Amino acid sequence: MDVTIKVQLPEDLQQAITHMARQAIKQALTEAKKNSFPPYMNKTEARKYLHISSKTLLDWETQYNDIPIIVIDGIQRYKRTDLDEWMQQHRLNK
């Protein structure tokens with residue numbers, strides 16, 4: 001014998017659950033997009049990761065001498081987690 005029970009949640013609880021689910025999905029998509037970049041990036045990948053133009057990246061490298069850049073035999077690489085930390089260091093509302 002199959003028994004079906006229907007449970008109706010209060011409207012505010014339904015809205016809260018929907019909001020939490022949307023936030024979780026949004027965060028998961030953000031993390032997935034972030035992780036689609038390699039751990040070590042060239043200049044083009046780094047500027048795309050930061051959503052800035054080539055000129056802006058060059059300006060930042062000139063203006064701020066603390067952008068973490070790895071140089072081996074003249075080849076520059078940007079470590080993704082270093083860029084994240086550098087951006088956090090320049091937050092206005094710390």
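Predicted model: local features only at pLDDT ≥ 70, side-chain atom pairs only at ≥ 80, totals over all residues.
Residues are numbered from 1 along each chain as its sequence is written, and side-chain values use heavy atoms, with hydrogens and water left out. Local features need pLDDT of at least 70 and side-chain atom pairs count only at pLDDT 80 or more, whereas totals for chains, interfaces and linings use all residues.

The structure contains 2 salt bridges (a side-chain nitrogen of Lys or Arg within 4 Å of a carboxyl oxygen of Asp or Glu). One joins Glu-61 to Lys-43, at 3.0 Å from N to O. This pair links distant parts of the chain. Glu-61 lies in helix H3 (residues 54-63) and Lys-43 in helix H2 (residues 43-50), 18 residues apart. Helices (H or I, at least four residues) and strands (E, at least two) are DSSP runs, numbered from the N terminus. Lys-43 is partly exposed, at 35% relative accessibility; buried means under 20% relative accessible area, exposed over 50%, and partly exposed in between, with a 1.4 Å probe and protein chains only.

Lys-55 forms a salt bridge with Asp-59. Their closest N and O atoms are 2.8 Å apart. Both residues belong to helix H3. They are separated by about one helical turn, because they lie 4 residues apart. Lys-55 is exposed, at 57% relative accessible area. Asp-59 is partly exposed, at 34% relative accessibility.

An open sheet of 3 strands has the order E1-E3-E2. The pairing is antiparallel; two strands pair if DSSP finds at least two bridges between them. Strands E1 (40-41) and E2 (70-72) form the edges, each pairing on one side only. E2 is joined to strand E3 (residues 75-79) by 3 bridges. Ile-72 has Ile-75 in E3 as its bridge partner.
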